[in-house]
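Colleague: Please take a close look at one part of this model for me. Then connect that part to the rest, step by step.

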Amino acid sequence: MEIKYDKNSIIKILKNKKIKVTPNRFKVAFELFNCDEHPSIDELHQKLVRNNENRISFTSVYNILKLFENAELVKEILIDNKIHYDSNITPHAHFICENCGEVQDIELNKLNFLDERKLFNFKTFTEEELKNNKINSFEINFYGICGKCLKEENSEE
Ligand SMILES: [Zn+2]
Ligand SMILES: [Zn+2]
């Protein structure tokens, strides 16, 4: 795991959101902000149990994630009808491998069919574009086979 956020920067992020730093909140934030993956609560809980001597309950992890979500530190995304957590809160698309389940981030500015600026301003779409609906957030998912799985597939032949 590459450490993008050290202890001090995590404490700072939580304090900026007026979240009181507790040992468990720190552990969840450290694990989540430093991983590029999009873990489900189960996966995150298992990881925390593996990496820490002190027990952390599933309910604690759940409550902390809800707290972080309300503070807009993490985003819930739905993959295969299961909620996963994303610590990258800037708008982006996802690539989901149908073989291994890996979820990768895809930057919107790399998708040249999209008018990124317009998408970022989705709250200013015209009524006609919105069909009288109101958008709060959006998700763009691509499904396929990831590079790693493709490579393995090819080497088996
Ligand atoms: Zn894969
Ligand atoms: Zn993501």
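Modeller: Angles under 35 degrees count as roughly parallel, those over 145 as roughly antiparallel, those from 65 to 115 as roughly perpendicular, and the rest as oblique. Keep that scale in mind. This is a predicted model, where local features need pLDDT of at least 70, side-chain atom pairs count only at pLDDT 80 or more, and totals for chains, interfaces and linings use all residues. Residues are numbered from 1 along each chain as its sequence is written, while chains are lettered from A and ligands numbered from 1 in the order in which they are written.

The part I pick is a helix pair. Helices (H or I, at least four residues) and strands (E, at least two) are DSSP runs, numbered from the N terminus. Two packed helices are described by the angle between their axes and the distance between the axes. Axes are lines fitted to C-alpha atoms, for helices over the stretch in contact, and angles run from 0 to 180 degrees between N-to-C directions.

Helix H3 covers residues 41-51, and helix H4 covers residues 58-70. Their axes lie 10 Å apart, at an angle of about 120°. H3 and H4 are therefore oblique to each other. Their crossing is right-handed. A crossing is left-handed if the near helix is turned anticlockwise from the far one by less than a right angle, and right-handed if clockwise.

Which residues of H3 and H4 make the contact? H3 brings Ile41, Leu44, His45 and Leu48. H4 brings Phe58, Val61, Tyr62 and Leu65. Two residues are in contact if their C-beta atoms, placed from the backbone, lie within 7 Å. By class, this contact has seven nonpolar residues, one polar and no charged. Ala, Val, Leu, Ile, Met, Phe, Trp, Tyr, Cys and Pro count as nonpolar, Asp, Glu, Lys and Arg as charged, and the others, Gly among them, as polar.

Now turn to another pair. Helix H1 (residues 7-16) and helix H2 (residues 23-33) cross at roughly 110°, and their axes come within 10 Å. That makes H1 roughly perpendicular to H2. The crossing of H1 and H2 is right-handed too. Ile10, Ile13 and Leu14 of H1 meet Arg25, Phe26, Ala29, Phe30 and Phe33 of H2. This contact divides into seven nonpolar residues, no polar and one charged.

Next, the strands. Two strands pair if DSSP finds at least two bridges between them. Strand E1 (residues 75-79) runs antiparallel to strand E2 (residues 82-86), with five bridges between them. Glu76 has Tyr85 in E2 as its bridge partner. The hairpin of E1 and E2 has two residues between the strands, and Asp80 there takes a positive phi near 55°.

An open sheet of three strands has the order E4-E3-E5, with mixed pairing. Strands E4 (103-106) and E5 (141-144) stand at the edges with a single partner strand each, so one side of each has no neighbour in the sheet. Four bridges join E3 (residues 93-97) to E4, and these two run antiparallel. Ile96 has Val103 in E4 as its bridge partner.

Step back to the domains. The assignment gives domain 1 (7-86) and domain 2 (93-156); such bounds come from an automatic or database domain assignment. Their C-alpha centres lie 23 Å apart. Four residues of domain 1 are in contact with four of domain 2.
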